[in-house]
Amino acid sequence: MNASGSFKKSGLSPIKIKRILSDTLLPAAFLLFMVLGFRYTLLRIESNSLFVHDMDYMLSSFSIPGGFIGWAGEFLTQFLHYPWIGAVIWVALAVLTVKLVRTAYPGLCDSLWALSYIPAVILSIYCLGAGYGIFLMKSPGWFFIPSIGTILVLCTVVLCRRIALLPVRWIIIIISASAGYVLAGIWGPVSALTAALSCCQASETKRDYSGLVIALVSSIGLPVLLHTFYTTFRTDEIFTVGLPLINFEKQLPVRLPCLLLILFMAAAPFVRIRNNRPGTHKTDIIQAAVIVISAAALFFFSFRDRNFTTENAMSAAMDRYDWKEVADILERAEKKSAGSDERAYSRRTKSIGNNSRMNDIESIVDRYSTRFYEPTRIMVLYKDVALFSLGTEAGSMFSYRDGARKQKRHYEIPIALQAGKQLYFYWGLPNYSHRWCIEESVEYGWSYSTLKYAAMSAISMEEWDLARKYLDILVKTLCYRKWAESQLALIPDREAVQAAVPYNTVIPLMCYDDRLSNDQAIIETFIMNHFTSHRSTQATPQFDRAAMLWALRTQDIGLFWITFLNYLGSNDPKSIPRHYQEAAILYSNLERNTGIQSLPFDRQVRESYDAFVNYEKSHPVRNISESAYPYSKRFGKTFWFYYYFIRGQETF
Amino acid sequence: MKRALIHTVAALLLISCGTGIPGSSDEKQSLPSIFPDYTGITIPANIAPMNFRILEKGEKFLTVFSSGNTRVSVKGDVAALKEKDWKRLKNGGTDIDVKVMTFNKGSWTAFKSFTMTLSDEIDPYISYRLIPPSVVSYERLSINQRDLTSFREKVIYANSMIQKGDNGQCINCHHYRNWQTDNMQFHARQYMGGTIMAVEGKLRKVNLKTDSTISAGVYPAWHPTHDYIAYSTNKTHQSIHTADHNRIEVADEESDLILYDIKANAVSIIENDSDRFECFPAWTPDGKTLYYVAADYKAPFGPEREDKVFLDSRDIKYNLYRKPFNPDTRTWGRSELVVDAASMDRSITLPRISPDGSKLLFSMGGYGVFHIWHKDADLYIMDISDGRIRPLTEVNSDNVESYHSWSSNGKWIIFSTRREDGAYTRLYLSHMNPDGSFSKPFTIPQRNPDFNRDFMFSFNIPEFMKEPVTISPREFASFIKREAQSVSYQSKKEE
């Protein structure tokens, strides 16, 4: 017996079978797409959010209309800490949306049920298309706000359509517009209006235009009246409060999906699909087309960028102090790009081969430059922290691809706001880390991440009461409680703190004299300058190691020698790490300085340098970008490659 | 001891009757650990309930408040009283005794009881700015007013009502004339900037910057009898410490003093010595003397001055000065050095004179003028009649004590301090006893006693008020949107 036969026996029509299959397989496929493709984005969204299990925290959400919907969104966002669970919740809400659309708009969905997927697709695009916008989202719970808002609107529509008694319906409309506005912002009045519009067109109940008038008056009048009780938003935001808010001049990109959803729900009651009998060939084709177009739209509009994913994955590993994983993630990203790099190189070589004019060659090289893999600056900075914490930076920091590929974003987001708190903390500058935690919290509200780094900064500064303040909040969270308790157990025992991860690598770097400064939000330059120009007499061997890392990054010969001498003074001079040897050999040759002959350099390093010089003679460099790739294949893991081919690097 | 015993027995009887707990307990001679620490404090007769959390370990908790024949017991680790019960206690005829008991492993422990001594009434309102301890971000600022007799708090104005995106707005320096709110002011900086004033209840927005002054008005002092406001004008910069626990440094690059004549809508110079930073003016109650702080500093003007100021920041010490003033003729006498803090290697800021004109309260730290970031800053009091100074050791902590104000009856002071966690400023009250000493300070009560620990904003610039601000936040907002009135410049008159 075939499958359809068994369905027939169970009383299911082919239409229902298709619908059940579609309703099961599509959410399952989306779930996989979400978790496998966006796992680290979900983690980052979660770490940038905060939900505290505390009555006061809930009550504080009422300070702004729509605050409650944000609070509910934050409640759900906390489950993204386990991306599978968070994604299942998100998909469950999307499935509920589909079901509610079918119930609310039978005229639209009875024959073409695939249309009921449209709101879920819009919601998916909103969530997965945010990209770097996740760093600029100011609304708490933004990830779930449109889902909850849409469900609220649809529930109101369903409820109103099922109530025949007009006065009761009017009361629901007024409550939606008023209480809805207080709790869910503009989603409340939208519920009232959509329900009223729907009732105007409802065939199963008496058409009710009086409800529409009541909805119009209450949806405009009540928010205008209610807004006077609030001091947390501007008057021109009366009818947008409750929609996601981004820290960017133009709100439309982030709000467009919400507007489309509202438009869909407002227009749906008026759409009647005629002459489309369910189950016909024509209907099947239309349904399939809707699904294919939806899938294509989702694929096209979701933000899939390898560097973005890698940054988020590295950040997550860093927050677990899993330094090896941080470095491995970068290595895996490089390996994945090996094939595409090779293809780009061969195509570029072919294009150059057909041209002999220098200007043409330069333009070809420029054209192809973005086709080669290059990490973003944050990835490089994360990697340096990881290698330093592992203690392997001096032998492997140039084994990874360097660069500063522009992040794929349309907004200005300083690196300080993306990674300032982490980088400053791990480089032993907790005051600056704490400062960026505060700045971030003012702009975007406190998050698990800012509280965590603020607490660690306070602990490393031995400011126990302040650390307790932050940790006491984290204790009241679902996923950070254990971590917070482990930190509370450390304080105020100074020795326990100094021995614990990550303080055991951070505190030895805090051996500098205080100075007044300002990073102007350019953190890489600030940290570089801090280590290379502000060594104190109490400098530890770890500080001198860090100084060496940053001195190598400056490519400043004079600075290298000073830092190198400091390093030799505080670390074992008999065992000089590979990159230091490479820099010393290169710089001494450039300066024709023979003073380093007595240092215990490895034969292989000297031979590698000779090979580099000889290769350079046989393969002269006419354009750095052009030669970088072939040189990198032979010498990409050396300091001299970094010195000659990663020039004029922009710092952030 | 006898009284404590009576209260313990009464408390035990109460719980025995009400909760079925055996009427015996172990007596502990130590005070219970509670937050906030309200043990042995003097409180205003009209203050809101002094709710606290019991920090002792226990399976059950009981707190018994008693005053005269009135007793109120509260179960649970949060001793939160209803306002009507609190009123009953305050009307009980005596000070309020508090007995905390904990239940552990089958037996009750009674801690040593403590007293909240009822004293002079306090101004019913205070206002303050809520601000995160940030450097450059000030997206969420509000000036709020709190009814001290209850837990009601309202926003006077919040910058979220106007600012948009990059058009950020900083609001600061709220100030009242003689503790009354029909004459009040605050500044809005940057977006739609200007000084917002209520003069006899009527709003106006002015731009106090002229070509002859460094900046618009900054730190204000409203003349008590005439329509003048003294301001400092400041060119200020912020910088961040890499290692110091003080975290942030705010320093003047330039500062002077000006007088704003409200009726004439004109400003004139009070002090503008280019080799001296003058700041924080404060009038005596008769309006005939202006106190202020000033630091001598010589550095060439130009682009490097800012860096130089920060390099020298620890050497910049402010002294206390005063300057006679005739309010009828608007003429000034010669400045006089009152306290040479620099000679003590210290630096004074924020002089505030008591309503009877007999005492001057100020904050003194190691250097600079912005002591909110200086952990060594403490409160000091000077007897104006003989110039004697003493530190308020009974009030000070090992953390920041900074902005402070006198209540209108001169019996209370409110001050901001970072004693709780070192970073977030909290407001503390202390009563001035008849002998001039101050009572143990305590933080203003909150409905939820955990509030101070959880709240992520600093309380800044506490000012007492006899009455609430009745102008609505929306009215302020609509005024801020208006164009600021320019002021004219008047020449200074000297005797």
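Select helix α14 (residues 306-319) of chain A and helix α18 (residues 377-390) of chain A: they pack at about 25°, with their axes 10 Å apart. Helices here are DSSP runs (H or I, at least four residues), strands are E runs of at least two, and both are numbered from the N terminus. The axes are lines fitted to C-alpha atoms, for helices over the stretch in contact, with angles from 0 to 180 degrees between N-to-C directions. α14(A) and α18(A) are therefore roughly parallel (angles under 35 degrees; over 145 is roughly antiparallel, 65 to 115 roughly perpendicular, the rest oblique).

This is a predicted model, where local features need pLDDT of at least 70 and side-chain atom pairs count only at pLDDT 80 or more, while totals for chains, interfaces and linings use all residues. Residues are numbered from 1 along each chain as its sequence is written, and chains are lettered from A and ligands numbered from 1 in the order written.

From α14(A), pick A:Asn307, A:Thr310, A:Glu311, A:Met314, A:Ser315 and A:Met318; from α18(A), pick A:Ile378, A:Met379, A:Tyr382, A:Val385 and A:Ala386. These make the contact (C-beta atoms, placed from the backbone, within 7 Å). By class, that's seven nonpolar, three polar and one charged (Ala, Val, Leu, Ile, Met, Phe, Trp, Tyr, Cys and Pro are nonpolar, Asp, Glu, Lys and Arg charged, the others, Gly among them, polar).

Next, colour chain A by pLDDT, the predictor's confidence in each residue from 0 to 100. The chain A mean is 90, and 95% of its residues reach 70 or more. Over residues 1-7 of chain A pLDDT stays under 50, and the model has five contacts for them beyond four places in sequence.

Move to the chain interface. Here 38 residues of chain B are in contact with 31 of chain A. On the chain B side, select β13 (153-158), β19 (228-241), α4 (451-454) and α5 (473-480), which each give two or more residues. β19(B) gives the most, three.

The contact takes 18 residues from domain 1 of chain B and 16 from domain 2 of chain B. On the domain 1 side, β3(B) gives the largest share, three residues.

Note on methods:
Two residues are in contact if their C-beta atoms, placed from the backbone, lie within 7 Å.
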